[in-house]
Amino acid sequence: MIEATDRNTVQSFFSDRLGLKWSDDFRGVLHVPDAYRDVPASMDQVAIAVGYNGFIGRSCCMHVVIQKPEAMTPRIVRDAFAFPFEVCGCEAVLGMVDSTNVQALEFDRRLGFEEIARIPNGGLEGDLVILQMLRGQCRWLRPH
C-alpha cells in the first residue's frame, strides 16, 4: 500500500469528497493500492483516506473516506487511531456523520465510536451525528 501525506494533496481530496473546509491544522494520509505505484496519480485510485483537524485541547476530529473497502486492513485501522492517540496525545477522537449516511454510522460504531450528540438539521441532508472514541476505549491500540 502506497501512502501519500502531502498536505495539499490530502486536503484537496477531503475537500472534494466531503466538502471539508481547508484548515491550517489539517493532517492526513491517502492509502493507494500498490498496483498504482507507477501510474500517474488520480484521486479515484485512493482506496482509503484518513484525515484529522480540529485539534482542541486533548481532542481532534477524524475524517475517513473509503473508496475501496477491500483494501481496509487492521494495520490501517490501527495506524488511524495511533496518530491521534499516540502521536498527538489526544484523549478523545470525534467523528461527525450525516444521519442519512447509515453505512458510515454502522462502520464507525463497529470501530468503537459512540454517539454523544445530534445537531438537528446540521448535516448535509439530515442531522449531524457526533461520535466519540476515548483513548481508554480504543481496542485497536495497546492500553496505556
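View 1. Leu128 is found in strand β7, which spans residues 128-134; strands here are DSSP runs of E with at least two residues, helices are runs of H or I with at least four, and both are numbered from the N terminus. This is a predicted model, in which local features need pLDDT of at least 70 and side-chain atom pairs count only at pLDDT 80 or more, while totals for chains, interfaces and linings use all residues. Residues are numbered from 1 along each chain as its sequence is written, and side-chain values use heavy atoms, with hydrogens and water left out.

Is Leu128 buried or exposed? Leu128 counts as buried because its relative accessibility is 16%; buried means under 20% relative accessible area, exposed means over 50%, and partly exposed lies in between, with a 1.4 Å probe and protein chains only. Leaving aside neighbours within four places in sequence, Leu128 is in contact (heavy atoms within 4.5 Å) with Met96, Val97, Asp98, Ala117, Arg118, Ile119, Gly122 and Gly123. Gly95 lies 33 residues from Leu128 in sequence, and their C-alpha atoms are 9.9 Å apart in space.

View 2. Two strands pair if DSSP finds at least two bridges between them. Strand β1 (residues 2-4) runs antiparallel to β2 and is joined to it by 3 bridges. Look for Glu3, which stands opposite His31 of β2.

**View 3. Stepping back to the whole chain.** The chain has 3 helices and 7 strands, and from the N terminus on they follow the order β-α-β-β-β-α-β-α-β-β. The C-alpha atoms fill a box of roughly 45 × 40 × 30 Å along the principal axes. Of the 144 residues, 40% count as buried. Among contacts with a separation of 6 or more, 54% come from residues 24 or more positions apart.

**View 4. Charged side chains.** How many positive and negative side chains does the chain have? There are 15 positive and 19 negative ones, and the centres of the two sets lie 5 Å apart. Lys and Arg count as positive and Asp and Glu as negative, with His and the chain ends not counted; each charge is placed at NZ of Lys, CZ of Arg, CG of Asp or CD of Glu.
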